[in-house]
Structures are given as structure tokens and as C-alpha cells.
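The structure is shown first.

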Amino acid sequence: MSASKPKPEKQVQRARAAHLGPERRRPQILDVAFELFLSKGYKQTSMDEIARAAGVSKPVVYACFPSKAELFGELLDREEQRMLAQFGAALATGTMPLDDPEATLTAGFTSMLRAVTDTPEAYRIALLGGDDAEVAIETRVRQRRERHAAAIAAVALTWMEGSVPAPRIEAAAQFVGQMLVGIGEAGMRMLLTAPELWTPETLGSTLGRFAASGFAALLEG
């Protein structure tokens, strides 16, 4: 009597990972790329590395972002929501007391700088991330800065109504927007590169006094 053939082992079918479309993959890939760009820099980070770190294939990464420059640009766009957001919100919550703008400006700068100390990595890549990047990225950084300046200029326009002659109020508001963004970015860079020298409160007060003097000079002119 012939021995019965052993029954083939039942194959265990592995569950396939749920398919995630590009829109659901994008935040995950951005998070992974954020860490790699911080640790290695833009030029030294490849799309292959981003794919491996995210646990996906390179085609999946390219389905979400057509190029590394586009990926980095999207990352900057995401991080810019934190950039100056606290500052702009603080300025927009009330009116600027034209006889003493220092208090409002100090509150805005201090609030912004506290946000920097809460998440320094996000601000570092948003402020410094484009330094070794492609021309397209540098253009994106400039565009981001212009958006912030325009938003603050719109707030400044309401401050100066009735105090600045109508023919030059638009130009004056644009100047204030550029000035405050420039001062704010200088403050953030200082807090990131020399945190031992400043606290958000001491630096915010210094920036507030500095900006208030410039604002007063503009109104007098």
C-alpha cells in the first residue's frame, strides 16, 4: 500500500497594505523629507533616500511630487504656515496705538519668537533651508516672503488710515510690511543661531523698540 502523499502546506496569504493615493501619501513623505533635509541638507538628500525612509518605492514618491525641487517647495509652503503666523495674528487682533506702537509690535515679535523656540526645526528649514537649494527653491522662498509682507501691509494700511496722506498710504503700508518681515526674520535667525544670548521676551522687546522707531519716522515723514 503506497504511502499517502503529504498534503501541501496551506499557504498563508499576507495581507496587502492598504493602497494610499498620492494625496494621503504626501504628508507622510513630507514628514520624512523634512527630517532628511534637516540632517543632510537639500543637495545631499536624494529621492531614493526619501523613498527608502518613507518605506515606499521611488515611483510612489514621484507620483506625489514630480521633482525634488517641487517636494522641497511644498515643504516650505507647509512650514510657512508657522513662519510669522504668530506675529501676523498678534498684529491683526487689535489696532495699532499710533501714539505708542511699541507695545503692539513687541507683543507681536515676542509671540512669534516663542513659536520659534517651540519648534525650532521647522523655522530653521523655512528660514535657512533654501541656502544650498536650486534657483527654483530660492524663487519660492522669495515668493513666500512677499506673501508675508503683503499680509502685514494690509494690516498696516488700517493702522495708518487718517494719519498718512492718501497719495502715499499704499506705499507706506508696503514699506511697513517689508520692514516688519525683515526685522522679524532677522530676529528669528538670531534666536536660532545664538539662543544663549536672547530669550523671546528680551529679543521681542528689542525688536519692538527698533520697529516702533522706524514706524514713527515713517509717520513723521
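Arginine 114 is partly exposed, with 42% relative accessible area. In this predicted model, the side chain of arginine 114 forms a salt bridge with glutamate 201, at 2.9 Å from N to O. Arginine 114 belongs to helix α6 (residues 102–118) and glutamate 201 to helix α10 (residues 200–220), so the bridge ties together parts 87 residues apart in sequence. Glutamate 201 is likewise partly exposed, at 39% relative accessibility.

The count of salt bridges comes to five; three of them are tabulated here.

| Salt bridge | Closest N and O atoms |
|---|---|
| Arginine 145 – glutamate 185 | 3.3 Å |
| Aspartate 48 – lysine 58 | 3.3 Å |

Arginine 145 lies in helix α8 (residues 135–160) and glutamate 185 in helix α9 (residues 166–193), so their bridge joins parts 40 residues apart in sequence. Glutamate 185 is buried, at 11% relative accessibility, whereas arginine 145 is partly exposed, at 23%.

Aspartate 48 and lysine 58 form a salt bridge. The pair links helix α2 to helix α3 (residues 58–64), across ten residues. Aspartate 48 is partly exposed, with a relative accessible area of 35%, and lysine 58 is also partly exposed, at 32%.

Helix α2 (residues 47–54) also packs against helix α1 (residues 22–40), at an angle of about 125° and with the axes 9 Å apart. The two helices are therefore oblique to each other, and their crossing is right-handed. The contact residues comprise eight nonpolar, one polar and two charged.

How values were computed: Residues are numbered from 1 along each chain as its sequence is written. This is a predicted model: local features need pLDDT of at least 70, side-chain atom pairs count only at pLDDT 80 or more; totals for chains, interfaces and linings use all residues. Side-chain values use heavy atoms; hydrogens and water are left out. Axes are lines fitted to C-alpha atoms, for helices over the stretch in contact, and angles run from 0 to 180 degrees between N-to-C directions. Helices (H or I, at least four residues) and strands (E, at least two) are DSSP runs, numbered from the N terminus. Angles under 35 degrees count as roughly parallel, over 145 as roughly antiparallel, 65 to 115 as roughly perpendicular and the rest as oblique. A crossing is left-handed if the near helix is turned anticlockwise from the far one by less than a right angle, and right-handed if clockwise. Ala, Val, Leu, Ile, Met, Phe, Trp, Tyr, Cys and Pro count as nonpolar, Asp, Glu, Lys and Arg as charged, and the others, Gly among them, as polar. A salt bridge is a side-chain nitrogen of Lys or Arg within 4 Å of a carboxyl oxygen of Asp or Glu. Buried means under 20% relative accessible area, exposed over 50%, partly exposed in between (1.4 Å probe, protein chains only).
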